[in-house]
Amino acid sequence: MTDKKPPTAEAISNGETHAAPTSIAQQYDLLPKLIPNLDRHLTFPLLEFLSGLDGDESSEVLKAKYELLKHTNMTDYVASLWQEINDSDDVPEEFLKKREEVLQRLSLFTEETKQIDELLNDESVVSNLRSDKVANLKFLEQQHGVTIQMVDMLYDYGRFQYSCGSYANAAHLLDQFRILSTDNDKASSASWGKLAADILTTNWEIVMEE
């Protein structure tokens with residue numbers, strides 16, 4: 001078995017190792033091990049880091065970004081990657097169509113979550129909420145007409161915003177959802193989603209609290 005232990009300081013000082021810095025960096029590069037286990041949005045900053053190492057972005061990194069993000073709702077950015085890869089000023093019809101679909105869904109989500117979002121930003125309403133989620137939902141239903149479907153819509157909208165790359169909005173919506181939801185599985189998923197969104201917005205104080 002090949003000994004892959006890094007050279008000791010003594011060996012380096014005595015000139016006993018001739019490995020090039022690049023080969024050493026490649027040998028101990030953790031990115032290939034990390035990337036398969038990360039959400040695609042958390043992977044993207046790592047690719048950004050790679051593209052900044054040499055100053056010029058390689059075609060391989062560009063293609064990796066495109067493949068990584070093409071199934072997200074970051075339609076404008078994905079289209080720009082396609083243009084760069086293909087050295088084209090044109091935007092294929094499929095990108096224009098998806099962009100329109102994303103904008104329509106954004107408008108629908110905004111409209112359908114408007115009431116509950118306004119309520120959860122109203123101090124007079126929030127001050128009446130307690131740690132008991134069931135009681136909170138009953139209060140909101142009786143006093144303000146809030147339904148379980150409206151709460152679930154916050155979850156769906158938060159995931160949608162995350163897919164769009166709007167991480168601050170995603171964190172806000174997912175936080176609102178988990179405050180009210182009695183669905184433990186979804187609340188757990190929302191917590192992980194909020195954590196990822198806070199990492200991507202470098203909101204480290206909140207990340208540490210999570």
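**Close-up views of a predicted model**

**View A. Gln176 and its contacts.** Leaving aside residues up to four places away in sequence, Gln176 touches Asp117, Leu120, Asn121 and Leu154. The model is predicted. Gln176 sits in helix H11, which covers residues 167-180. Its relative accessibility is 5%, so Gln176 counts as buried, the cut-off being under 20%. One of the residues touched, Asp117, is also a polar partner: its side chain makes a polar contact with the side chain of Gln176 at 3.1 Å.

**View B. The whole chain, for orientation.** The chain holds 13 helices and zero strands. Read from the N terminus, the elements run α-α-α-α-α-α-α-α-α-α-α-α-α. Of the 210 residues in the chain, 31% are buried. Take the contacts between residues at least 6 apart in sequence: 51% of these join residues at least 24 apart.

**View C. Helix H5 packs with helix H6.** H5 spans residues 59-69 and H6 spans residues 75-86. The two helices pack at an angle of about 145°. Their axes are 10 Å apart. The crossing of H5 and H6 is left-handed. On the H5 side, the contact is made by Leu62, Lys63, Lys65, Tyr66 and Leu69. On the H6 side, Tyr77, Val78, Leu81, Trp82, Glu84 and Ile85 take part. By class, this contact has eight nonpolar residues, three charged residues and no polar ones.

**View D. Asn73 in the loop between H5 and H6.** Asn73 is placed in the loop that lies between these helices. Is Asn73 buried or exposed? With 14% relative accessibility, Asn73 counts as buried, because buried means under 20%. Asn73 touches Lys98, Val102, Phe160, Ser163 and Cys164, with residues up to four places away in sequence not counted.

**View E. Phe44 and Tyr77 form an aromatic pair.** The structure holds six aromatic pairs, among them the pair of Phe44 and Tyr77. A pair of aromatic rings is described by the distance of the centres and the angle of the planes. For Phe44 and Tyr77, the values are 5.6 Å centre to centre and 80° between the planes. The pair is edge-to-face. Why does the pair tie together parts that are apart in sequence? Phe44 lies in helix H4 (residues 40-53) and Tyr77 in helix H6, so the pair joins parts that are 33 residues apart in sequence. Phe44 has a relative accessible area of 14% and is buried. Tyr77 has 28% relative accessibility and counts as partly exposed. Tyr77 is also one of the H6 residues in the contact with H5.

**View F. Tyr162 and Tyr167 form an edge-to-face pair.** The ring centres of Tyr162 and Tyr167 are 5.4 Å apart. Their planes stand at 65°. Planes over 60 degrees apart count as edge-to-face, so this pair falls in that class. Tyr162 has 12% relative accessibility and counts as buried. Tyr167 is buried too, at a relative accessible area of 13%. Helix H11 covers residues 167-180 and contains Gln176 of View A.

**View G. A cluster of aromatic rings.** Which residues do ring pairs link into a cluster? The members are Phe109, Tyr157 and Phe160. One of them, Phe160, is also among the residues that Asn73 touches. Asn73 itself lies in the loop between H5 and H6.

Technical notes
Residues are numbered from 1 along each chain as its sequence is written. This is a predicted model: local features need pLDDT of at least 70, side-chain atom pairs count only at pLDDT 80 or more; totals for chains, interfaces and linings use all residues. Side-chain values use heavy atoms; hydrogens and water are left out. Helices (H or I, at least four residues) and strands (E, at least two) are DSSP runs, numbered from the N terminus. Buried means under 20% relative accessible area, exposed over 50%, partly exposed in between (1.4 Å probe, protein chains only). A polar contact is a pair of N or O atoms within 3.5 Å; within protein, one must be able to donate a hydrogen and the other to accept it, and residues adjacent in sequence count only if both atoms are side-chain atoms. Contact means heavy atoms within 4.5 Å. Axes are lines fitted to C-alpha atoms, for helices over the stretch in contact, and angles run from 0 to 180 degrees between N-to-C directions. A crossing is left-handed if the near helix is turned anticlockwise from the far one by less than a right angle, and right-handed if clockwise. Ala, Val, Leu, Ile, Met, Phe, Trp, Tyr, Cys and Pro count as nonpolar, Asp, Glu, Lys and Arg as charged, and the others, Gly among them, as polar. Rings of Phe, Tyr and Trp (its six-membered ring) pair if their centres lie within 6.5 Å; planes under 30 degrees apart count as stacked, over 60 as edge-to-face and the rest as tilted.
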